[in-house]
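Subject: The structure I promised you

Hello,

Here is the structure we talked about, with my notes below it.

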Amino acid sequence: MDRYLTSELIPTFLFGVGAFSSIGVTIDAVFDLVRKIVESGLPVDIAIQVFLLQLPEFIVLAFPMSTLLATLMTYSRLSSESELIALRGCGVSVYRMVLTAVVLSFIATGMTFLFNEQIAPAAKYQANVTLESALQSDKPILKQQNIFYPEYRDETEPDGTKNKILSRLFYADQFDGKRMKGLTIIDRSTKGVNQIVVAESAEWNGSQSVWDFYNGTIYLVAADSSYRNILRFEHQQLQLPRTPLTLTEKNRSYGEMNISEAVEQLAVERLGGDPQKIRKLQVRIQQKISLPFVCVVFGLVGAAMGTIPQRTGRGTSFAICVVVIFSYYLIFFMSGAIAQVGILSPFMGAWLPNFIFFIVGAFLLIRVAKR
């Protein structure tokens with residue numbers, strides 16, 4: 001029975017991976033690449049390379065959907081042709097029939113985790129780098145623009161309450177891979193004396209662990225907000241944290257980082273003390289962990305819905321699959337947004353859709369088993 005069910009599930013699963021990946025990459029990537037070929041003169045060989053590098057990202061998203069499609073269509077067909085009734089007549093329980101789908105769903109979970117950790121982030125990052133290099137081959141590639149890094153400190157009020165106070169604000173117009181340009185630094189870390197540094201450029205001096213600022217002015221501000229001194233310089237070394245440079249070096253989008261890289265980025269964001277960025281990244285990390293387990297949830301839901309006695313064709317099964325996927329991702333995005341504003345914990349915001357659909361699948365399965 002396990003061999004028979006596996007032989008029915010795997011071809012449908014592979015079909016779903018191909019279909020969902022093709023649809024996703026066509027809508028999101030192909031049209032954009034064709035436009036860049038026509039309007040920006042992107043070479044066709046580079047476009048093909050970028051297309052192949054973007055494909056793993058859509059394969060990751062296709063794994064859970066394909067698991068749902070395979071289990072739902074396979075068990076629905078067996079139910080409509082009374083094969084499940086025959087198995088139950090031989091003494092095989094519904095739980096035992098569904099066990100095969102659940103085991104295969106765990107295998108799909110492992111594949112999703114592998115792609116999502118080792119292949120998709122690196123491929124997406126390389127695709128963006130390749131595309132940017134091809135489109136800006138005659139221009140210096142800017143690593144980042146508008147670098148904004150606030151640093152906070154905790155202060156205790158006389159009544160015992162703690163407040164976050166801005167200690168230092170670092171801003172640069174752009175980073176060209178070597179130097180920061182157009183800098184403004186507000187430094188309030190020394191009690192009683194504040195300073196404002198405006199400079200044309202700056203770079204990190206790793207041997208001395210200081211910043212080298214060029215062509216600028218330092219304004220020293222007293223506690224009563226009056227200027228105490230103004231110092232103009234061509235070259236000035238200041239002991240400021242390296243964190244702004246670390247932020248630019250690690251400036252990858254969420255989709256370009258695996259879990260370990262995201263955790264490292266979270267440590268950097270905590271140095272800045274921006275609670276909104278920290279919360280958002282915490283939710284993203286939990287979502288990255290929860291995503292592969294959608295395969296198990298969808299496998300259970302699809303198998304449970306498929307074992308319900310019914311006579312449905314492939315078209316109906318596919319329509320049900322689309323509705324379930326849409327419902328899941330709607331809850332996924334809503335719970336993630338709620339977690340980012342602090343109503344739910346990052347863990348609950350990422351895992352709530354999995355818990356809801358797991359309960360639904362378990363309920364349907366128990367109901368069918370009691371018939």
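At Ala-62, helix α2 bends by about 30°, and a proline, Pro-64, follows within four residues. The bend at a residue is the angle between axes fitted to the seven residues ending there and the seven starting there. Helices are DSSP runs of H or I with at least four residues, strands are runs of E with at least two, and both are numbered from the N terminus. Of the 37 residues of α2, 27 are buried, so this helix is largely enclosed by the rest of the structure. Buried stands for under 20% relative accessible area, exposed for over 50%, and partly exposed for what lies in between (1.4 Å probe, protein chains only). After α2 comes Ser-82, whose phi is positive, near 65°.

Before going on, a word on what you are looking at. This is a predicted model, in which local features need pLDDT of at least 70 and side-chain atom pairs count only at pLDDT 80 or more, while totals for chains, interfaces and linings use all residues. Residues are numbered from 1 along each chain as its sequence is written, and side-chain values use heavy atoms, leaving out hydrogens and water.

How confident is the predictor? The pLDDT, its confidence in each residue on a scale from 0 to 100, averages 83 over the chain, and 93% of the residues score at least 70. Confidence is lowest in helix α5 (residues 243–249), with a mean of 69, and highest in α10, at 91. Over residues 137–142 the pLDDT is below 50, and this stretch has eight contacts in the model beyond near neighbours in sequence. A contact here means heavy atoms within 4.5 Å.

Now the overall layout. The domain assignment gives domain 1 (1–137 + 273–370) and domain 2 (144–241); such bounds come from an automatic or database assignment. Their C-alpha centres lie 47 Å apart.

Next, the inside. A nonpolar core is a set of buried Ala, Val, Leu, Ile, Met, Phe, Trp, Tyr and Cys residues joined through side-chain atoms within 4.5 Å. The largest one has 45 residues, and Tyr-75, Val-98, Phe-298, Ile-325 and Tyr-328 have the most contacts inside it. At least two residues of this core come from each of α1 (2–40), α2 (44–80), α4 (94–135), α8 (294–306), α9 (314–340) and α10 (346–369). The largest share, twelve residues, is supplied by α2. Apart from this core lies another, of 18 residues, including Ile-147, Ala-172, Leu-183 and Leu-240.

Ile-325 is in contact with Phe-20, Met-65, Leu-68 and Phe-298, leaving aside neighbours within four places in sequence. Val-25, in helix α1, counts as buried at 3% relative accessibility. Not counting residues up to four places away in sequence, Val-25 touches Val-30, Phe-51, Leu-55 and Phe-58. Val-25 and Phe-58 are 33 residues apart in sequence, yet 6.3 Å apart in space, C-alpha to C-alpha.

Helix α10 also has a kink, of about 45°, at Leu-352, shortly before the proline Pro-353. At 1.5 Å a residue, its 24 residues should span 34 Å, and the end C-alpha atoms of α10 are 35 Å apart, which agrees. That expected span is 1.5 Å times one less than the number of residues. Among the buried residues of α10 are Trp-351, Pro-353, Phe-357 and Leu-364.

Finally, the strands. Ile-165 sits in β2 (residues 162–175) and is partly exposed, at 22% relative accessibility. Beyond neighbours within four places in sequence, Ile-165 is in contact with Glu-151, Tyr-152, Arg-153, Glu-155 and Arg-188.

Which backbone angles should you look at here? Most residues other than glycine have a negative phi. Ser-209, however, has a positive phi near 55°; this serine lies in the loop between β4 (193–205) and β5 (210–222) and is partly exposed, with a relative accessible area of 45%. Asn-215 also has a positive phi, near 55°, and lies in strand β5 itself. Asp-224, in the loop between β5 and β6 (227–238), is exposed, with a relative accessible area of 60%.

Enjoy exploring!

Key:
pLDDT = per-residue confidence, 0-100.
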